[in-house]
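Dear colleague,

Please find below the structure that I am handing over to you. A summary of the findings follows it.

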Amino acid sequence: PECIVSSECPQTRACVNQKCTDPCLGSCGLNARCEVINHSPICSCREGQTGDPFRSCFDLPPPTPPPAVELERDPCVPSPCGPNAQCQTSGRTPACSCLPDYVGAPPNCRPECVINPDCPATQACVNSKCVDPCPGSCGINAQCSVISHAVTCTCQAGFTGNPFVQCLPQQQEDINPCTPSPCGSNAVCTERNSAGACSCIPDYQGNPYEGCRPECVLSSDCPTDRACVRNKCQDPCPGVCAQFAQCTVINHIPTCTCMPGYVGNPFVSCTVQEVPVTQATVVDPCSPSPCGPNSVCRNNNDQAVCSCAPEYQGTPPNCRPECVVNNECPTNRACYKFKCTDPCPGTCGIDAQCQVINHNPICSCRAGLTGDPFIRCYPMPVQPTPTTPDYPLDPCNPSPCGPFSQCRPVGTQPSCSCLPNYTGSPPNCRPECVVNTDCPPTQACITEKCRDPCVGSCGLNADCRVQNHIPTCTCASGFTGDPFTQCSVIVVQQAPEVKDPCNPSPCGANAICNNGACGSPK
(Lines give C-alpha, C1' and ligand atoms only; values in the text may rest on other atoms or scores of the structure.)
Protein backbone atom coordinates (compact mmCIF):
# COMPACT_ATOMS: atom_id res chain seq x y z
CA PRO A 1 0.00 0.00 0.00
CA GLU A 2 0.95 3.66 -0.35
CA CYS A 3 1.12 4.10 3.42
CA ILE A 4 0.41 2.41 6.72
CA VAL A 5 0.91 5.38 9.10
CA SER A 6 0.70 9.13 8.44
CA SER A 7 4.44 9.63 8.96
CA GLU A 8 4.94 7.91 5.59
CA CYS A 9 3.07 10.79 3.90
CA PRO A 10 4.06 14.45 3.32
CA GLN A 11 3.38 16.84 6.21
CA THR A 12 0.28 18.18 4.44
CA ARG A 13 -1.21 14.70 3.96
CA ALA A 14 -2.55 11.98 6.27
CA CYS A 15 -2.76 8.20 5.78
CA VAL A 16 -6.45 7.34 5.34
CA ASN A 17 -7.35 3.84 4.11
CA GLN A 18 -3.69 3.25 3.21
CA LYS A 19 -3.72 6.27 0.89
CA CYS A 20 -2.03 9.65 1.43
CA THR A 21 -4.96 12.09 1.19
CA ASP A 22 -5.88 15.65 2.20
CA PRO A 23 -7.30 15.33 5.76
CA CYS A 24 -9.17 18.63 5.46
CA LEU A 25 -11.90 17.29 3.21
CA GLY A 26 -15.05 17.22 5.31
CA SER A 27 -13.22 17.88 8.58
CA CYS A 28 -14.16 21.51 9.35
CA GLY A 29 -17.49 23.27 9.79
CA LEU A 30 -19.31 25.72 7.56
CA ASN A 31 -17.33 28.86 6.55
CA ALA A 32 -14.29 27.58 8.50
CA ARG A 33 -10.80 27.36 7.18
CA CYS A 34 -8.55 24.28 7.45
CA GLU A 35 -4.79 24.09 7.78
CA VAL A 36 -2.81 20.84 7.93
CA ILE A 37 -0.05 20.82 10.48
CA ASN A 38 1.97 17.63 11.03
CA HIS A 39 -0.64 15.48 9.17
CA SER A 40 -3.54 16.75 11.34
CA PRO A 41 -6.29 19.13 10.17
CA ILE A 42 -6.52 22.38 12.19
CA CYS A 43 -9.88 24.18 11.87
CA SER A 44 -10.35 27.90 12.68
CA CYS A 45 -12.78 30.70 11.86
CA ARG A 46 -11.60 33.37 9.47
CA GLU A 47 -10.79 36.89 10.52
CA GLY A 48 -13.94 38.82 11.38
CA GLN A 49 -15.83 35.62 12.15
CA THR A 50 -16.52 33.62 15.25
CA GLY A 51 -18.19 30.33 16.26
CA ASP A 52 -17.23 26.67 16.45
CA PRO A 53 -14.90 26.00 13.49
CA PHE A 54 -15.81 22.28 13.62
CA ARG A 55 -19.51 23.14 13.18
CA SER A 56 -20.09 26.67 11.80
CA CYS A 57 -18.46 30.09 11.68
CA PHE A 58 -20.45 33.32 11.40
CA ASP A 59 -19.65 37.04 11.21
CA LEU A 60 -18.91 38.94 14.37
CA PRO A 61 -21.94 41.04 15.50
CA PRO A 62 -21.49 44.85 15.31
CA PRO A 63 -20.17 46.40 18.53
CA THR A 64 -22.82 47.72 20.89
CA PRO A 65 -22.62 51.42 21.76
CA PRO A 66 -21.22 52.14 25.20
CA PRO A 67 -23.87 52.67 27.86
CA ALA A 68 -24.53 56.14 29.22
CA VAL A 69 -23.65 54.97 32.64
CA GLU A 70 -20.71 52.58 32.69
CA LEU A 71 -21.65 49.45 34.60
CA GLU A 72 -19.33 46.91 36.07
CA ARG A 73 -18.00 44.94 33.08
CA ASP A 74 -18.10 41.07 32.90
CA PRO A 75 -14.61 39.90 31.79
CA CYS A 76 -16.17 36.77 30.12
CA VAL A 77 -18.51 38.84 27.91
CA PRO A 78 -17.55 38.51 25.18
CA SER A 79 -15.56 35.35 25.89
CA PRO A 80 -11.86 35.71 25.24
CA CYS A 81 -11.37 31.89 25.39
CA GLY A 82 -12.08 30.92 21.82
CA PRO A 83 -14.24 28.07 20.55
CA ASN A 84 -14.90 24.90 22.48
CA ALA A 85 -13.79 26.64 25.68
CA GLN A 86 -15.52 27.88 28.74
CA CYS A 87 -14.83 31.13 30.59
CA GLN A 88 -15.12 31.58 34.33
CA THR A 89 -14.78 34.86 36.19
CA SER A 90 -12.21 35.01 38.86
CA GLY A 91 -12.49 38.52 40.28
CA ARG A 92 -12.08 40.82 37.33
CA THR A 93 -10.00 38.25 35.36
CA PRO A 94 -11.36 35.62 32.95
CA ALA A 95 -10.24 32.02 33.49
CA CYS A 96 -10.40 29.87 30.32
CA SER A 97 -10.51 26.09 30.03
CA CYS A 98 -11.48 23.60 27.32
CA LEU A 99 -14.94 22.09 27.44
CA PRO A 100 -15.25 18.48 28.58
CA ASP A 101 -14.24 15.95 25.86
CA TYR A 102 -12.05 18.58 24.19
CA VAL A 103 -8.28 18.71 24.33
CA GLY A 104 -5.68 21.39 23.91
CA ALA A 105 -5.54 24.80 25.53
CA PRO A 106 -7.70 27.85 24.86
CA PRO A 107 -8.05 29.37 22.37
CA ASN A 108 -7.09 26.17 20.54
CA CYS A 109 -9.46 23.66 22.07
CA ARG A 110 -10.30 20.85 19.62
CA PRO A 111 -11.94 17.43 19.68
CA GLU A 112 -9.87 14.41 20.63
CA CYS A 113 -9.77 13.43 16.98
CA VAL A 114 -11.06 14.50 13.61
CA ILE A 115 -9.69 11.69 11.41
CA ASN A 116 -8.42 8.17 12.18
CA PRO A 117 -4.72 9.05 12.07
CA ASP A 118 -5.32 11.31 15.08
CA CYS A 119 -5.82 8.11 17.13
CA PRO A 120 -3.56 5.17 18.00
CA ALA A 121 -3.40 2.44 15.35
CA THR A 122 -5.60 0.17 17.49
CA GLN A 123 -8.42 2.74 17.68
CA ALA A 124 -10.66 4.68 15.30
CA CYS A 125 -12.12 8.17 15.38
CA VAL A 126 -15.82 7.77 16.17
CA ASN A 127 -17.84 10.90 17.00
CA SER A 128 -14.64 12.86 17.53
CA LYS A 129 -13.45 10.32 20.12
CA CYS A 130 -10.73 7.69 19.83
CA VAL A 131 -12.50 4.46 20.68
CA ASP A 132 -12.19 0.71 20.09
CA PRO A 133 -14.11 0.12 16.81
CA CYS A 134 -14.67 -3.63 17.49
CA PRO A 135 -17.83 -3.65 19.66
CA GLY A 136 -20.79 -4.40 17.39
CA SER A 137 -18.69 -4.64 14.24
CA CYS A 138 -18.34 -8.42 13.83
CA GLY A 139 -20.92 -11.18 13.61
CA ILE A 140 -21.72 -13.99 16.03
CA ASN A 141 -18.85 -16.41 16.79
CA ALA A 142 -16.36 -14.04 15.12
CA GLN A 143 -13.32 -12.40 16.62
CA CYS A 144 -12.24 -8.84 15.92
CA SER A 145 -8.83 -7.25 15.51
CA VAL A 146 -7.91 -3.66 14.63
CA ILE A 147 -5.12 -3.08 12.12
CA SER A 148 -4.26 0.53 11.20
CA HIS A 149 -7.60 1.81 12.56
CA ALA A 150 -9.55 -0.67 10.39
CA VAL A 151 -11.70 -3.49 11.74
CA THR A 152 -10.82 -7.04 10.65
CA CYS A 153 -13.28 -9.84 11.48
CA THR A 154 -12.43 -13.56 11.32
CA CYS A 155 -14.41 -16.63 12.30
CA GLN A 156 -13.26 -18.42 15.40
CA ALA A 157 -11.57 -21.82 15.15
CA GLY A 158 -14.10 -24.46 14.23
CA PHE A 159 -16.49 -21.95 12.65
CA THR A 160 -17.02 -20.78 9.08
CA GLY A 161 -19.14 -18.25 7.22
CA ASN A 162 -19.24 -14.46 6.79
CA PRO A 163 -17.48 -13.11 9.89
CA PHE A 164 -19.16 -9.72 9.44
CA VAL A 165 -22.62 -11.37 9.61
CA GLN A 166 -22.53 -14.78 11.29
CA CYS A 167 -20.15 -17.70 11.72
CA LEU A 168 -21.61 -21.20 11.87
CA PRO A 169 -20.05 -24.39 13.25
CA GLN A 170 -17.86 -25.95 10.58
CA GLN A 171 -18.81 -29.43 9.44
CA GLN A 172 -15.99 -31.76 10.28
CA GLU A 173 -14.70 -33.30 7.06
CA ASP A 174 -11.85 -35.69 6.83
CA ILE A 175 -9.09 -33.93 4.96
CA ASN A 176 -8.06 -36.13 2.07
CA PRO A 177 -4.51 -35.30 0.95
CA CYS A 178 -5.28 -37.02 -2.35
CA THR A 179 -8.13 -34.63 -3.25
CA PRO A 180 -7.20 -32.98 -5.48
CA SER A 181 -4.53 -35.45 -6.51
CA PRO A 182 -0.94 -34.14 -6.39
CA CYS A 183 0.11 -36.88 -8.81
CA GLY A 184 0.84 -36.74 -12.52
CA SER A 185 -0.89 -38.71 -15.26
CA ASN A 186 -1.10 -42.51 -14.98
CA ALA A 187 -0.27 -42.33 -11.26
CA VAL A 188 -2.33 -43.09 -8.16
CA CYS A 189 -2.32 -41.32 -4.83
CA THR A 190 -2.40 -43.12 -1.48
CA GLU A 191 -2.55 -41.53 1.95
CA ARG A 192 0.50 -42.11 4.12
CA ASN A 193 0.91 -40.35 7.45
CA SER A 194 -1.69 -37.71 6.48
CA ALA A 195 0.21 -36.94 3.28
CA GLY A 196 -0.39 -37.95 -0.32
CA ALA A 197 2.12 -40.42 -1.75
CA CYS A 198 2.17 -40.98 -5.51
CA SER A 199 3.07 -44.17 -7.35
CA CYS A 200 2.83 -45.28 -10.96
CA ILE A 201 -0.03 -47.59 -11.93
CA PRO A 202 0.95 -51.21 -12.72
CA ASP A 203 3.16 -51.66 -15.81
CA TYR A 204 3.96 -47.91 -15.89
CA GLN A 205 7.19 -46.22 -14.88
CA GLY A 206 8.68 -42.76 -14.40
CA ASN A 207 8.25 -39.92 -11.90
CA PRO A 208 4.72 -40.32 -10.49
CA TYR A 209 4.61 -36.64 -9.45
CA GLU A 210 5.18 -35.51 -13.05
CA GLY A 211 3.65 -38.35 -15.07
CA CYS A 212 4.16 -42.07 -15.65
CA ARG A 213 4.49 -43.72 -19.03
CA PRO A 214 4.29 -47.34 -20.20
CA GLU A 215 7.41 -49.40 -20.75
CA CYS A 216 7.18 -48.59 -24.43
CA VAL A 217 5.04 -46.78 -26.97
CA LEU A 218 7.04 -47.64 -30.10
CA SER A 219 9.20 -50.67 -30.76
CA SER A 220 12.20 -48.37 -30.91
CA ASP A 221 11.76 -47.97 -27.14
CA CYS A 222 12.69 -51.68 -26.74
CA PRO A 223 15.88 -53.71 -27.35
CA THR A 224 16.23 -54.78 -30.98
CA ASP A 225 15.26 -58.38 -30.12
CA ARG A 226 11.96 -57.24 -28.60
CA ALA A 227 8.88 -55.46 -29.97
CA CYS A 228 6.40 -53.14 -28.30
CA VAL A 229 3.26 -55.27 -27.81
CA ARG A 230 0.46 -53.65 -25.78
CA ASN A 231 2.92 -51.11 -24.35
CA LYS A 232 5.34 -53.79 -23.11
CA CYS A 233 8.64 -54.95 -24.56
CA GLN A 234 7.98 -58.59 -25.43
CA ASP A 235 9.24 -61.35 -27.68
CA PRO A 236 7.08 -60.93 -30.82
CA CYS A 237 7.66 -64.53 -31.95
CA PRO A 238 5.05 -66.58 -29.99
CA GLY A 239 2.10 -67.48 -32.21
CA VAL A 240 3.57 -65.95 -35.37
CA CYS A 241 5.28 -68.80 -37.20
CA ALA A 242 3.85 -72.08 -38.44
CA GLN A 243 4.63 -75.53 -37.07
CA PHE A 244 8.15 -76.76 -37.81
CA ALA A 245 9.24 -73.16 -38.41
CA GLN A 246 11.73 -71.18 -36.38
CA CYS A 247 11.49 -67.49 -35.52
CA THR A 248 14.21 -64.90 -35.18
CA VAL A 249 13.74 -61.24 -34.27
CA ILE A 250 15.68 -58.75 -36.36
CA ASN A 251 15.31 -55.07 -35.52
CA HIS A 252 12.05 -55.66 -33.60
CA ILE A 253 10.44 -57.64 -36.48
CA PRO A 254 9.85 -61.43 -36.27
CA THR A 255 11.17 -63.41 -39.25
CA CYS A 256 10.01 -67.01 -39.82
CA THR A 257 11.97 -69.73 -41.65
CA CYS A 258 11.29 -73.42 -42.02
CA MET A 259 13.52 -75.73 -40.01
CA PRO A 260 16.26 -77.64 -41.84
CA GLY A 261 14.71 -80.47 -43.80
CA TYR A 262 11.37 -78.67 -44.11
CA VAL A 263 9.98 -76.49 -46.88
CA GLY A 264 6.87 -74.36 -47.36
CA ASN A 265 5.44 -71.08 -46.17
CA PRO A 266 6.89 -70.61 -42.67
CA PHE A 267 3.94 -68.37 -41.76
CA VAL A 268 1.41 -71.06 -42.75
CA SER A 269 2.86 -74.58 -42.88
CA CYS A 270 6.23 -76.28 -43.21
CA THR A 271 6.37 -79.87 -44.54
CA VAL A 272 9.13 -82.45 -44.83
CA GLN A 273 11.24 -81.83 -47.88
CA GLU A 274 11.02 -84.68 -50.36
CA VAL A 275 14.27 -85.90 -51.78
CA PRO A 276 13.99 -85.51 -55.56
CA VAL A 277 14.60 -88.63 -57.63
CA THR A 278 17.44 -88.07 -60.03
CA GLN A 279 16.34 -88.79 -63.54
CA ALA A 280 18.25 -88.69 -66.75
CA THR A 281 16.03 -85.96 -68.15
CA VAL A 282 16.22 -82.26 -68.80
CA VAL A 283 16.82 -80.51 -65.46
CA ASP A 284 14.13 -77.95 -64.42
CA PRO A 285 15.97 -75.10 -62.59
CA CYS A 286 12.76 -74.38 -60.65
CA SER A 287 12.38 -77.94 -59.35
CA PRO A 288 13.10 -77.77 -56.51
CA SER A 289 12.68 -74.03 -56.25
CA PRO A 290 15.77 -72.15 -55.15
CA CYS A 291 13.73 -69.03 -54.39
CA GLY A 292 12.70 -69.71 -50.82
CA PRO A 293 9.25 -69.41 -49.23
CA ASN A 294 6.56 -67.02 -50.40
CA SER A 295 8.21 -66.67 -53.81
CA VAL A 296 7.60 -67.59 -57.44
CA CYS A 297 10.19 -69.27 -59.68
CA ARG A 298 10.18 -68.88 -63.47
CA ASN A 299 12.38 -70.81 -65.93
CA ASN A 300 14.07 -68.35 -68.21
CA ASN A 301 16.58 -69.90 -70.61
CA ASP A 302 17.25 -72.74 -68.16
CA GLN A 303 17.87 -70.17 -65.43
CA ALA A 304 15.74 -69.76 -62.32
CA VAL A 305 14.26 -66.24 -62.03
CA CYS A 306 12.84 -65.57 -58.57
CA SER A 307 10.26 -63.02 -57.45
CA CYS A 308 8.05 -62.60 -54.40
CA ALA A 309 4.53 -64.01 -54.56
CA PRO A 310 1.62 -61.57 -54.81
CA GLU A 311 0.87 -59.70 -51.56
CA TYR A 312 4.38 -60.48 -50.29
CA GLN A 313 7.26 -58.05 -50.19
CA GLY A 314 11.04 -58.11 -49.99
CA THR A 315 13.38 -60.03 -52.23
CA PRO A 316 13.80 -63.84 -52.48
CA PRO A 317 14.63 -65.81 -50.44
CA ASN A 318 13.38 -63.33 -47.83
CA CYS A 319 9.86 -62.69 -49.06
CA ARG A 320 7.51 -61.95 -46.22
CA PRO A 321 3.96 -60.62 -45.71
CA GLU A 322 3.24 -56.92 -45.29
CA CYS A 323 3.08 -57.38 -41.54
CA VAL A 324 3.18 -60.01 -38.85
CA VAL A 325 2.60 -57.89 -35.74
CA ASN A 326 0.94 -54.50 -35.23
CA ASN A 327 4.11 -52.49 -34.75
CA GLU A 328 5.12 -53.15 -38.37
CA CYS A 329 2.14 -51.00 -39.47
CA PRO A 330 1.55 -47.23 -39.15
CA THR A 331 0.08 -46.28 -35.79
CA ASN A 332 -3.34 -45.76 -37.41
CA ARG A 333 -3.41 -49.30 -38.83
CA ALA A 334 -3.45 -52.81 -37.32
CA CYS A 335 -2.03 -56.08 -38.66
CA TYR A 336 -4.95 -58.32 -39.69
CA LYS A 337 -4.34 -61.45 -41.79
CA PHE A 338 -0.81 -60.25 -42.55
CA LYS A 339 -2.12 -56.95 -44.00
CA CYS A 340 -2.00 -53.43 -42.49
CA THR A 341 -5.69 -52.51 -42.40
CA ASP A 342 -7.94 -49.99 -40.72
CA PRO A 343 -9.31 -51.70 -37.56
CA CYS A 344 -12.26 -49.28 -37.34
CA PRO A 345 -14.80 -50.71 -39.84
CA GLY A 346 -17.46 -52.67 -37.98
CA THR A 347 -15.95 -51.91 -34.56
CA CYS A 348 -17.97 -48.93 -33.25
CA GLY A 349 -21.70 -48.50 -32.76
CA ILE A 350 -24.25 -46.43 -34.66
CA ASP A 351 -23.43 -42.69 -34.93
CA ALA A 352 -20.12 -43.22 -33.11
CA GLN A 353 -16.76 -42.07 -34.35
CA CYS A 354 -13.64 -44.23 -34.42
CA GLN A 355 -10.08 -43.08 -33.98
CA VAL A 356 -7.05 -45.39 -34.19
CA ILE A 357 -4.48 -44.67 -31.52
CA ASN A 358 -1.33 -46.82 -31.38
CA HIS A 359 -2.97 -49.53 -33.58
CA ASN A 360 -6.06 -49.77 -31.33
CA PRO A 361 -9.54 -48.56 -32.38
CA ILE A 362 -10.96 -46.03 -29.90
CA CYS A 363 -14.74 -45.49 -30.12
CA SER A 364 -16.40 -42.33 -28.80
CA CYS A 365 -19.64 -40.44 -29.26
CA ARG A 366 -19.47 -37.22 -31.26
CA ALA A 367 -20.05 -33.80 -29.71
CA GLY A 368 -23.65 -33.43 -28.63
CA LEU A 369 -24.20 -37.20 -28.48
CA THR A 370 -24.06 -39.64 -25.59
CA GLY A 371 -24.45 -43.37 -25.01
CA ASP A 372 -22.35 -46.51 -25.40
CA PRO A 373 -20.01 -45.82 -28.36
CA PHE A 374 -19.61 -49.57 -28.95
CA ILE A 375 -23.39 -49.98 -29.40
CA ARG A 376 -25.11 -46.68 -30.25
CA CYS A 377 -24.83 -42.93 -29.66
CA TYR A 378 -27.93 -40.73 -29.42
CA PRO A 379 -28.52 -36.98 -28.96
CA MET A 380 -28.06 -35.71 -25.43
CA PRO A 381 -31.37 -34.91 -23.71
CA VAL A 382 -32.15 -31.23 -23.29
CA GLN A 383 -31.13 -30.22 -19.81
CA PRO A 384 -33.68 -28.07 -17.96
CA THR A 385 -32.66 -24.59 -16.91
CA PRO A 386 -30.60 -25.11 -13.76
CA THR A 387 -32.17 -23.75 -10.63
CA THR A 388 -30.71 -23.51 -7.19
CA PRO A 389 -32.14 -26.51 -5.30
CA ASP A 390 -32.69 -26.62 -1.57
CA TYR A 391 -30.47 -29.71 -1.36
CA PRO A 392 -26.80 -30.21 -2.33
CA LEU A 393 -26.19 -31.00 -6.00
CA ASP A 394 -24.89 -34.47 -6.91
CA PRO A 395 -21.68 -33.89 -8.91
CA CYS A 396 -22.14 -37.35 -10.44
CA ASN A 397 -25.60 -36.65 -11.92
CA PRO A 398 -25.18 -36.56 -14.84
CA SER A 399 -21.88 -38.42 -14.78
CA PRO A 400 -18.98 -36.49 -16.35
CA CYS A 401 -16.83 -39.63 -16.46
CA GLY A 402 -17.75 -41.06 -19.87
CA PRO A 403 -18.67 -44.65 -20.82
CA PHE A 404 -17.44 -47.74 -18.94
CA SER A 405 -16.60 -45.64 -15.88
CA GLN A 406 -17.95 -45.05 -12.42
CA CYS A 407 -18.35 -41.75 -10.59
CA ARG A 408 -18.00 -41.22 -6.83
CA PRO A 409 -18.78 -37.83 -5.24
CA VAL A 410 -15.92 -36.53 -3.09
CA GLY A 411 -17.33 -33.48 -1.39
CA THR A 412 -18.66 -31.37 -4.22
CA GLN A 413 -16.29 -32.82 -6.82
CA PRO A 414 -16.72 -35.98 -8.94
CA SER A 415 -14.07 -38.70 -8.75
CA CYS A 416 -13.93 -40.85 -11.91
CA SER A 417 -12.46 -44.32 -12.38
CA CYS A 418 -12.83 -47.10 -14.94
CA LEU A 419 -15.17 -50.00 -14.21
CA PRO A 420 -13.62 -53.35 -13.28
CA ASN A 421 -12.19 -55.26 -16.27
CA TYR A 422 -11.85 -52.01 -18.28
CA THR A 423 -8.60 -50.21 -19.05
CA GLY A 424 -7.53 -46.64 -19.75
CA SER A 425 -8.55 -43.54 -17.82
CA PRO A 426 -11.87 -41.61 -17.88
CA PRO A 427 -13.38 -40.47 -20.17
CA ASN A 428 -11.54 -42.97 -22.40
CA CYS A 429 -12.25 -46.24 -20.58
CA ARG A 430 -12.39 -49.16 -22.99
CA PRO A 431 -12.55 -52.98 -22.87
CA GLU A 432 -9.33 -54.95 -22.80
CA CYS A 433 -9.87 -55.67 -26.49
CA VAL A 434 -12.33 -55.05 -29.32
CA VAL A 435 -10.69 -56.94 -32.18
CA ASN A 436 -8.18 -59.79 -32.23
CA THR A 437 -5.32 -57.49 -33.14
CA ASP A 438 -5.69 -55.83 -29.73
CA CYS A 439 -4.37 -59.07 -28.19
CA PRO A 440 -1.03 -60.90 -28.41
CA PRO A 441 -0.79 -63.37 -31.35
CA THR A 442 -1.25 -66.30 -28.94
CA GLN A 443 -4.64 -65.00 -27.76
CA ALA A 444 -7.97 -63.94 -29.30
CA CYS A 445 -10.53 -61.30 -28.32
CA ILE A 446 -13.43 -63.20 -26.72
CA THR A 447 -16.18 -61.19 -24.96
CA GLU A 448 -13.89 -58.14 -24.85
CA LYS A 449 -11.13 -60.09 -23.04
CA CYS A 450 -7.86 -61.46 -24.43
CA ARG A 451 -8.23 -65.20 -23.87
CA ASP A 452 -6.71 -68.50 -25.02
CA PRO A 453 -8.90 -69.52 -28.01
CA CYS A 454 -7.86 -73.17 -27.62
CA VAL A 455 -10.18 -73.83 -24.69
CA GLY A 456 -13.04 -75.95 -26.03
CA SER A 457 -11.92 -75.63 -29.66
CA CYS A 458 -10.33 -79.03 -30.33
CA GLY A 459 -11.69 -82.56 -30.03
CA LEU A 460 -10.65 -85.47 -27.81
CA ASN A 461 -6.98 -86.52 -27.98
CA ALA A 462 -6.11 -83.44 -30.09
CA ASP A 463 -3.42 -80.82 -29.53
CA CYS A 464 -4.06 -77.08 -30.01
CA ARG A 465 -1.66 -74.29 -30.88
CA VAL A 466 -2.53 -70.64 -31.57
CA GLN A 467 -1.11 -68.91 -34.60
CA ASN A 468 -2.06 -65.27 -35.22
CA HIS A 469 -5.05 -65.43 -32.88
CA ILE A 470 -6.50 -68.56 -34.62
CA PRO A 471 -6.53 -71.99 -32.93
CA THR A 472 -5.08 -74.85 -34.99
CA CYS A 473 -5.98 -78.42 -33.98
CA THR A 474 -3.90 -81.52 -34.79
CA CYS A 475 -4.22 -85.10 -33.57
CA ALA A 476 -1.71 -86.09 -30.95
CA SER A 477 1.11 -88.47 -31.80
CA GLY A 478 -0.27 -91.99 -32.25
CA PHE A 479 -3.80 -90.75 -32.96
CA THR A 480 -5.72 -90.03 -36.15
CA GLY A 481 -9.09 -88.64 -37.17
CA ASP A 482 -10.81 -85.25 -37.17
CA PRO A 483 -8.89 -83.13 -34.63
CA PHE A 484 -11.90 -80.78 -34.23
CA THR A 485 -14.16 -83.72 -33.22
CA GLN A 486 -12.19 -86.75 -31.96
CA CYS A 487 -8.91 -88.45 -32.60
CA SER A 488 -8.68 -92.25 -32.25
CA VAL A 489 -5.72 -94.51 -31.59
CA ILE A 490 -4.02 -95.70 -34.75
CA VAL A 491 -4.65 -99.47 -34.95
CA VAL A 492 -1.72 -101.39 -36.51
CA GLN A 493 -2.94 -104.44 -38.48
CA GLN A 494 -0.58 -107.36 -37.75
CA ALA A 495 0.06 -110.02 -40.39
CA PRO A 496 -1.57 -113.40 -39.55
CA GLU A 497 0.88 -115.80 -37.89
CA VAL A 498 1.68 -118.93 -39.98
CA LYS A 499 1.18 -121.92 -37.68
CA ASP A 500 3.27 -125.11 -38.11
CA PRO A 501 0.89 -128.08 -37.74
CA CYS A 502 3.80 -130.27 -36.71
CA ASN A 503 4.89 -127.99 -33.86
CA PRO A 504 4.17 -129.39 -31.42
CA SER A 505 4.07 -132.78 -33.05
CA PRO A 506 0.72 -134.54 -32.83
CA CYS A 507 2.42 -137.91 -33.52
CA GLY A 508 3.53 -140.48 -31.06
CA ALA A 509 6.97 -141.89 -30.43
CA ASN A 510 8.88 -143.27 -33.41
CA ALA A 511 6.54 -141.41 -35.80
CA ILE A 512 7.23 -138.63 -38.23
CA CYS A 513 4.92 -135.65 -38.76
CA ASN A 514 4.59 -134.32 -42.29
CA ASN A 515 2.35 -131.24 -42.62
CA GLY A 516 0.23 -132.51 -39.77
CA ALA A 517 0.13 -136.11 -41.01
CA CYS A 518 1.89 -138.86 -39.07
CA GLY A 519 3.79 -141.69 -40.69
CA SER A 520 6.34 -144.38 -39.89
CA PRO A 521 9.93 -143.61 -40.44
CA LYS A 522 11.44 -145.28 -43.43
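Strands and helices are taken here as DSSP runs, a helix needing at least four residues and a strand at least two. The model is a predicted one.

I begin with the annotated domains. The UniProt record, an unreviewed entry, places the feature "domain: EGF-like" at residues 72-110, 131-168, 174-213, 282-320 and 392-430. Residues 72-110 are 0% helix and 38% strand, and the C-alpha atoms at the ends of this span lie 32 Å apart. For residues 131-168 the figures are 0% helix and 53% strand, with the end C-alpha atoms 29 Å apart.

The largest nonpolar core has 10 residues, among them Val 240, Cys 241, Cys 256, Phe 267 and Phe 338. In general, nonpolar side chains of soluble globular proteins tend to be buried together. Cys 241 touches Gln 246, Cys 247, Cys 256, Pro 266, Arg 465 and Gln 467, when residues up to four places away in sequence are not counted.

The aromatic residues deserve a separate paragraph. There are four aromatic pairs in the model. Phe 267 and Phe 338 form an edge-to-face pair, because their ring centres are 5.9 Å apart and their planes stand at 65 degrees, where over 60 is the cut-off. This pair links distant parts of the chain, 71 residues apart: Phe 267 is in the loop between strands S25 (262-265) and S26 (269-272), and Phe 338 in the loop between strands S31 (334-336) and S32 (339-341). Both Phe 267 and Phe 338 are buried.

The rings of Phe 374 and Phe 404 have centres 5.3 Å apart and planes at 50 degrees, so this pair counts as tilted. Phe 374 lies in the loop between S35 and S36, and Phe 404 in the loop between S36 and strand S37 (405-410), so the pair ties together parts 30 residues apart in sequence.

The strands on either side of Phe 374 are S35 (residues 369-372) and S36 (residues 376-379), which pair in the antiparallel sense over four bridges. S35 and S36 form a hairpin with three residues between them, and Leu 369 stands opposite Pro 379 in S36.

Beyond its neighbours within four places in sequence, Thr 437 is in contact with Asn 326, Ala 334, Cys 335, Tyr 336 and His 469.

Yours sincerely

How values were computed:
Residues are numbered from 1 along each chain as its sequence is written. This is a predicted model: local features need pLDDT of at least 70, side-chain atom pairs count only at pLDDT 80 or more; totals for chains, interfaces and linings use all residues. Side-chain values use heavy atoms; hydrogens and water are left out. A nonpolar core is a set of buried Ala, Val, Leu, Ile, Met, Phe, Trp, Tyr and Cys residues joined through side-chain atoms within 4.5 Å. Buried means under 20% relative accessible area, exposed over 50%, partly exposed in between (1.4 Å probe, protein chains only). Contact means heavy atoms within 4.5 Å. Two strands pair if DSSP finds at least two bridges between them. UniProt positions are given in the numbering used here, feature names are shortened, and annotations may be inferred rather than shown by experiment. Rings of Phe, Tyr and Trp (its six-membered ring) pair if their centres lie within 6.5 Å; planes under 30 degrees apart count as stacked, over 60 as edge-to-face and the rest as tilted.
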